[in-house]
Amino acid sequence: MAALKRLSGKELAFRAGEQLFEPGAPADYALLLTRGRLAVKLPGVEGIVADMWPGEIVGEAALVEGAHRGDALVTAVVDCTAVVITAELLDEWRADPAIVAMQVHLVAVLSRRIHASNRAIQRASQPPKEEEPEEESLGDRFRRFFKEGWK
Amino acid sequence: MTAIENAASVLLKQHHIELNPRMLALALEDCESMVLDDGAELCNEGAHAQEMWILLSGLIEVRKRGLPLDKPLAVVSAPALMGHMGLVNGTQRSASCKARGRCDLLRLKASAFYDLLARQDTEGHIFRRLLIASMNRQLERGNDKLQKVSDRNDLLHATVSLDGWTQD
């Protein structure tokens with residue numbers, strides 16, 4: 001991370017509760033979290049969909065599409081710092097081992113997120129299971145026997 | 001222009017990558033060409049992933065166990081990267097694929113894939129950017145689908161969490 005910080009030369013600080021990106025805003029950089037913790041929420045999906053710790057990359061779509069921020073809400077849970085990563089930085093320092101390592105890391109991160117997303121889709125697509133009555137333990141059956149007789 | 005250069009050019013344009021397609025074609029130069037006839041299998045769900053492919057022409061049907069047989073999960077059209085997730089994760093194939101009509105592909109074996117992924121030159125860089133762009137698009141489509149499914153099931157599933165997002 002130190003090498004990337006040196007190549008980038010730009011680190012941003014966020015206060016706890018601050019949102020890192022404005023949904024729909026132009027996206028021209030990703031952030032590599034160097035300190036703190038982030039929470040990610042998706043509109044329409046209840047609860048936090050991801051916790052992010054130092055080493056995680058957020059806003060990576062900016063590195064590939066150069067378009068606009070998506071709907072995800074990324075919020076600093078505590079005070080955070082993050083290194084700014086741009087597509088130009090990746091192109092300029094393409095042969096630098098730190099950039100190569102970051103790209104490989106990003107491939108792994110995306111893979112994990114795709115799997116998590118697929119699992120969540122599968123879970124959300126399944127009809128809800130009917131609550132099964134809890135199985136009575138042997139102890140409970142003995143207690144019931146002495147109260148009610150064996151059934 | 002060769003079929004590989006043509007596919008490289010379209011793939012980079014599709015993903016808004018403004019780098020020289022010739023460099024991507026060079027990176028893929030050592031891949032093995034293969035042809036699948038209509039109905040031929042490319043991979044089977046559950047098999048160990050040992051290669052990925054670049055679909056140069058044709059259509060590939062993706063099917064998954066437990067889903068209706070008459071309806072594929074997806075139909076992938078050329079040019080496209082296929083089967084890379086299994087190599088990234090070192091896992092089993094999550095779906096089965098077969099050709100719909102004749103298909104031309106390039107086969108990138110696991111060892112060549114890992115070599116290319118780690119290369120500290122322009123060819124390695126352009127391949128990584130393409131892979132990241134392709135996976136990013138896949139994730140966006142997945143998240144869109146998740147939102148739609150969640151909206152539909154809102155009352156049934158009060159909480160849908162992506163536990164394991166960071167722990168996997």
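Which loop of chain B holds His16(B)? The legends below take up this question and others, view by view. The model shown is predicted.

**View 1. His16(B) in its loop.** His16(B) sits in the loop between helix H1 (3-14) and helix H2 (21-27) of chain B. Its phi is near 55 degrees. That is a positive value in a residue other than glycine. Is His16(B) buried or exposed? His16(B) has 12 other C-beta atoms within 10 Å, so it counts as exposed.

**View 2. A cis peptide bond in chain B.** Ala78(B) and Pro79(B) are joined by a cis peptide bond. Omega is about -5 degrees there. Pro79(B) belongs to the loop between strand E4 (74-77) and strand E5 (80-82) of chain B.

**View 3. Chain A from end to end.** Chain A has five helices and seven strands. Read from the N terminus, its elements follow the order α-β-β-β-β-β-α-β-β-α-α-α. The chain has 151 residues, and 33% of them count as buried. Consider the contacts in chain A between residues at least 6 apart in sequence: 78% of these join residues at least 24 apart.

**View 4. The three-strand sheet of chain A.** Three strands of chain A form an open sheet in the order E4-E3-E6, with antiparallel pairing. Which strands lie at its edges? They are E4 and E6 of chain A, and each pairs on one side only. On average, neighbouring strands of this sheet are turned by 25 degrees against each other, direction ignored.

View 5. Strand E3 of chain A covers residues 38-41. One face of the strand is covered, with Leu38(A) and Val40(A). The other is uncovered, with Ala39(A) and Lys41(A). How many bridges join E3(A) to strand E4 (residues 50-52) of chain A? There are three, and the two strands run antiparallel. Ala39(A), from the uncovered face, has Asp51(A) as its bridge partner in E4(A). Towards strand E6 (residues 73-76) of chain A, E3(A) makes four bridges, again in an antiparallel pair. For Leu38(A) the partner is Ala76(A). For Val40(A) it is Val74(A).

**View 6. The four-strand sheet of chain A.** Another open sheet has four strands, ordered E1-E7-E2-E5 (chain A). Its pairing is antiparallel. The edges are strand E1 (11-14) and strand E5 (57-58) of chain A, each of which pairs on one side only. Strand E2 (residues 30-35) of chain A is joined to E5(A) by two bridges, and the strands run antiparallel. Here Leu32(A) stands opposite Ile57(A) in E5(A).

**View 7. Asp79(A) and its contacts.** Asp79(A) lies in the loop between E6 and strand E7 (80-85) of chain A. With 14 other C-beta atoms within 10 Å, Asp79(A) is partly exposed. Which residues does Asp79(A) contact, leaving aside its neighbours within four places in sequence? They are Arg15(A), Ala16(A) and Gly36(A). Gly9(A) is 70 residues away from Asp79(A) along the chain. The C-alpha atoms of Asp79(A) and Gly9(A) are separated by 20 Å.

**View 8. Two helices packed across the chains.** Two packed helices are described by the angle between their axes and the distance between the axes. Here helix H4 (residues 97-125) of chain A packs with helix H5 (residues 122-152) of chain B. The angle is about 20 degrees, and the axes are 9 Å apart. Angles under 35 degrees count as roughly parallel. H4(A) and H5(B) are therefore roughly parallel to each other. The crossing of H4(A) with H5(B) is left-handed. Their contact has 14 nonpolar, 11 polar and three charged residues.

**View 9. The side of chain B that touches chain A.** The contact takes 43 residues from chain A and 42 residues from chain B. Which elements give two or more residues to the chain B side? They are helix H3 (84-89), helix H4 (110-118) and H5 of chain B. H5(B) supplies the largest share, 21 residues. By class, the chain B side has 16 nonpolar, 19 polar and seven charged residues.

Terms used
Residues are numbered from 1 along each chain as its sequence is written. Chains are lettered from A and ligands numbered from 1 in the order in which they are written. This is a predicted model: local features need pLDDT of at least 70, side-chain atom pairs count only at pLDDT 80 or more; totals for chains, interfaces and linings use all residues. A residue is buried if 20 or more other C-beta atoms lie within 10 Å of its own, exposed if 12 or fewer, and partly exposed in between; C-beta atoms are placed from the backbone. Two strands pair if DSSP finds at least two bridges between them. Two residues are in contact if their C-beta atoms, placed from the backbone, lie within 7 Å. Axes are lines fitted to C-alpha atoms, for helices over the stretch in contact, and angles run from 0 to 180 degrees between N-to-C directions. Angles under 35 degrees count as roughly parallel, over 145 as roughly antiparallel, 65 to 115 as roughly perpendicular and the rest as oblique. A crossing is left-handed if the near helix is turned anticlockwise from the far one by less than a right angle, and right-handed if clockwise. Ala, Val, Leu, Ile, Met, Phe, Trp, Tyr, Cys and Pro count as nonpolar, Asp, Glu, Lys and Arg as charged, and the others, Gly among them, as polar.
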